[in-house]
Amino acid sequence: MNLVLEKMINGYKTDSIKDKTNAIREVMQRVTLSSLASAGFNKEAIFFGGTSLRIFYQIGRFSEDLDFSLVEDNPDFNFSKYIPSLVKSFSEYGIDISVTGKEKSNETTKVHTYFINFNLNELLSYFFKDSSRVNHNELIRIKLDIDTESEKNANTNTLSSYTPRLFQYKVFDFASLLSLKIGAILTRNYKFRVKGRDLYDFIFLASQNSEVNLPLIKEELVRSNYIDKSFDFTLDTLKEMLTNYFNNLDFQQAKADVYPFIDDPRELDFFNKDAFIPLVNALKVS
């Protein structure tokens, strides 16, 4: 095993297959981010979403996907030019990957979706000499979603990470991340989805920073057809929307969604509306 990756994996709890899978996925995410940054992708894209919170802001949950928004609108963006660099980087660590992808379009957004595929059996053997308890062909997949429509109202910071080697990305600031997360919570509710990971992120973000970017939230809600562009969207309106959401939420469903991605399930004992409503009431405009 590569010594850098060995040091990285040794920093994780690895008592169960779930623990090992989460640890392996995150190490592979870091290698992916480092490789793409070295190839120049970080100049074209802003890194956001749950994994950015994990890598750059140390949130206490694991994440599956890598989410990016282009710095500037580019409907002709082509991610495939970065694939050879990805394959080469992983091969230098002695790891085989395959990359599959497609462009997904609808009326309001254009997202390129790619998957980096790893054989879980091979990675368990690579990291732990342990491959006996999973299906021979089971995969770990890292999903990359690249929104070719930029976030016009968001603000960014440039942050660094140091493993497996130094790399940097533009990431959205706390107010923008919280605002995007609120947009995701409300629009997923609109689509009849309960995603506990979004709620976990909301608590993390809102407990550290209560400021929201109203134009950014409105932009997200309009893009998702949750509200009309002419809708009078205010802080009071937002608080009312979120309060209604949390008052009617199935928290058991939310807990089930986030459970596989946290180390200590006792965190979920207090996952109820009494934890969320005070954070909603404390929101203020940035």
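1. Let's start with a charge over a ring: Arg141 lies over the face of Phe115, 4.1 Å from the ring centre. Lys20 does something along these lines with Phe128, its charged end sitting over the ring at 5.1 Å from the centre. To count, NZ of Lys or CZ of Arg has to be within 6 Å of the ring centre and within 35 degrees of the ring normal.

2. Before going on, keep in mind that this is a predicted model, where local features need pLDDT of at least 70 and side-chain atom pairs count only at pLDDT 80 or more, while totals for chains, interfaces and linings use all residues. Residues are numbered from 1 along each chain as its sequence is written, and side-chain values use heavy atoms, with hydrogens and water left out.

3. On to the aromatics: the structure holds 26 aromatic pairs (rings of Phe, Tyr and Trp, the last by its six-membered ring, with centres within 6.5 Å; planes under 30 degrees apart are stacked, over 60 edge-to-face, the rest tilted). Take Phe56 and Phe167: their ring centres are 6.3 Å apart and their planes at 75 degrees, so this pair is edge-to-face. The pair links distant parts of the chain, as Phe56 is in helix α4 (residues 50-57) and Phe167 in strand β7 (residues 167-172), 111 residues apart. Helices (H or I, at least four residues) and strands (E, at least two) are DSSP runs, numbered from the N terminus.

4. Phe56 is buried at 8% relative accessible area, and Phe167 is buried at 4%. Here buried means under 20% relative accessible area, exposed over 50%, and partly exposed in between (1.4 Å probe, protein chains only). Both rings belong to one aromatic cluster, whose members also include Phe41, Tyr82 and Tyr169.

5. Now look at Ile46, in strand β1 (residues 45-48), which is buried at 8% relative accessible area.

6. Helix α5 (residues 83-92) has Ile83, Leu86, Ser89 and Phe90 buried. They sit on the same side of α5, because they cover an arc of only 125 degrees around the axis, taken from the directions from the helix axis to the C-beta atoms. Exposed Pro84 and Lys88 are on the face turned away from that buried side. Just after α5, Gly94 takes a positive phi of about 80 degrees.
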